[in-house]
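Student: I have a model open and want to learn how to read it. Can we go through helix packing, cores and a few loop residues?

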Amino acid sequence: MTVTPPKQFAHAVLPSATLDERAREDAVRTLRRTVLDRLVPGVADAWRDRVEPALPDPAATRAEIRSAMLADPFVQHTFSLRRIVQEQVWDTTAQIVGRQAEDLAERASSMPARAGGTLQLDPDLPIPPYLKTLDVHGMPTGYWDEVTDGHDVAAGAMYDRGVYLYALGRSGPLGDSRGRSVAFDFFAERLPDFRPARILDLGCSVGHSLLPYAELYPEAEIWGIDVAPGVLRYAHARAESLGRRVHFAQRDAEDTRFAAGSFDLVVSHILLHETSAASLPRIFAECHRLLAPGGYMVHAELPQYADQDLFTQFMIDYDTFYNNEPFWGAMHDTDLDRLAVEAGFAPEDVSVAFVASGRTEGTDRTGRSQPGRSPGQLQLTVARKAVAR
Ligand SMILES: C[S@@+](CC[C@H](N)C(=O)[O-])C[C@H]1O[C@@H](n2cnc3c(N)ncnc32)[C@H](O)[C@@H]1O
């Protein structure tokens, strides 16, 4: 049964779409759903029925599986089509956003800060090379580039509307299913007595995953940082229009320039795989420096490769090769627990937790219900800073 996704919630800076644009979005959505739900499962059949039986020796690595699979015409076509649909997601969204980029910038900059959040930009902050040298997951101009003078929010608008289309609406009307899962399934359920006074989200983008923390911890002072100005301007206007008091700042997660020990909780959601091997240890060390004793660091990503069979690794590794996510596979191979210990956390204070990735209940402000959760899990790397004894 196909569950109709809820409509994306039309907050004040969400780009609107004409009937023509909606029709194109619907067509792209249908094509993407067809590729993901009908064609991609056939890749496993190709492996089981044709490719694996023809191998002289069992595959010992996912690279061996990949090299054998890429000779199969069905796999070639499926992967190519999946990439083409990804480009159509962004082409469609870029037309929608491009048409109203000036208007969106104006709307965002004139949004009254009624909720009391703030925005700090730093035009001198360098954009890390791993973001600057390619359009991450094919999003034209990446996160950081600006297309209008002054108060540009195009990258934020692209990310918000485009990711909703990409995710087939499965991340909920506010795109917040990931943050809701970590906030409510992990913190509220498993650490009910933990009440952080200051919270920091690294690589917050437009704030999709951050806003649930403002709901769970309404008394907390909540910060989101990102290196990209356009997503932050958009995030600030979006949060204010949704009545969430959050502070946004343009800072690098490797060197945030916040005071040592000034946060009780530092989180990230799907940030790590978009950074680099060199930046990961620096981000972990910065988290350790930022935390007050007893504070928590939590990084949420799709599950690491270590516990997955080789074929599953090969399937998930699609993004490394076809989705402009060059560090995807390497990050999923990295021992994040070890990085946490090397950053200064005591081994006994580091653990792994899993939550279902798609908690969307309660987010539908349009009145339509979104039953169930999207499939899959998030793996959380959890570390608690030691309390001095
Ligand atoms: C996939 S998006 C994350 C989205 C968001 N956390 C969420 O869950 O909706 C990754 C974001 O991280 C930002 N980013 C990448 N490297 C960063 C760094 N070193 N410091 C701060 N932000 C960074 C990018 O600009 C982008 O907005």
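Student: Let us take H3 and H6. How close do their axes come, and at what angle do they cross?

Tutor: Keep in mind that this is a predicted model. The axes of H3, residues 73-99, and H6, residues 154-166, come within 9 Å. They cross at roughly 135°.

Student: Which word describes the orientation of H3 and H6 to each other?

Tutor: Over 145 degrees would count as roughly antiparallel. The crossing is at roughly 135°, so H3 and H6 are oblique to each other.

Student: Is the crossing of H3 and H6 left-handed or right-handed?

Tutor: Right-handed.

Student: Which residues meet there?

Tutor: H3 brings Val 89, Trp 90, Thr 93, Ala 94, Ile 96 and Val 97. H6 brings Ala 154, Ala 157, Met 158, Arg 161, Gly 162, Leu 165 and Tyr 166. By class, the contact of H3 with H6 has ten nonpolar, two polar and one charged.

Student: H3 also packs with H1. What is the angle there?

Tutor: About 160°, with the axes of H1 (residues 19-54) and H3 9 Å apart. That makes H1 roughly antiparallel to H3, because angles over 145 degrees count that way. The crossing of H1 and H3 is left-handed.

Student: Which residues make the contact of H1 with H3?

Tutor: From H1, they include Glu 21, Arg 24, Val 28, Leu 31 and Val 35. From H3, they include Phe 74, Thr 78, Leu 81, Arg 82 and Val 85. The classes in the contact of H1 with H3 are 13 nonpolar, five polar and five charged.

Student: Now the cores. What is the general idea?

Tutor: In soluble globular proteins, nonpolar side chains tend to be buried together.

Student: And here, how many residues has the largest nonpolar core?

Tutor: It has 82 residues. Val 182, Val 231, Tyr 234 and Val 266 have the most contacts inside it. H6 gives the largest share of this core, eight residues. A second, separate core has seven residues, among them Val 43, Ile 65, Val 75 and Phe 314.

Student: What does Val 266 touch?

Tutor: Leave out residues up to four places away in sequence. Val 266 then touches Leu 200, Leu 202, Cys 287, Leu 290, Leu 291 and Met 297.

Student: On to loops. Where is Ala 253?

Tutor: Ala 253 is in the loop between strand E4 (247-250) and strand E5 (263-269).

Student: Is Ala 253 buried or exposed?

Tutor: Count the C-beta neighbours. Ala 253 has 26 inside 10 Å, so it counts as buried; the cut-off for buried is 20 or more. Beyond four places in sequence, Ala 253 is in contact with Leu 202, Gly 203, Ile 225, Leu 271, Ile 283 and Glu 286.

Student: What is phi at Ile 270?

Tutor: Near 45°, a positive value in a residue other than glycine. Ile 270 lies in the loop between E5 and helix H10 (279-290). With 17 other C-beta atoms within 10 Å, Ile 270 is partly exposed.

Note on methods
Residues numbered from 1 in each chain as written. Predicted model: local features only at pLDDT ≥ 70, side-chain atom pairs only at ≥ 80, totals over all residues. Axes fitted to C-alpha atoms, helices over the stretch in contact; angles between N-to-C directions. Helix = DSSP H or I, 4+ residues; strand = E, 2+ residues; numbered from the N terminus. Parallel < 35°, antiparallel > 145°, perpendicular 65-115°, else oblique. Left-handed = near helix turned anticlockwise from the far one by under 90°. Contact = placed C-beta atoms within 7 Å. Nonpolar A, V, L, I, M, F, W, Y, C, P; charged D, E, K, R; others polar. Core = buried A, V, L, I, M, F, W, Y, C linked by C-beta atoms within 7 Å. Buried ≥ 20, exposed ≤ 12 C-beta atoms within 10 Å, placed from the backbone.
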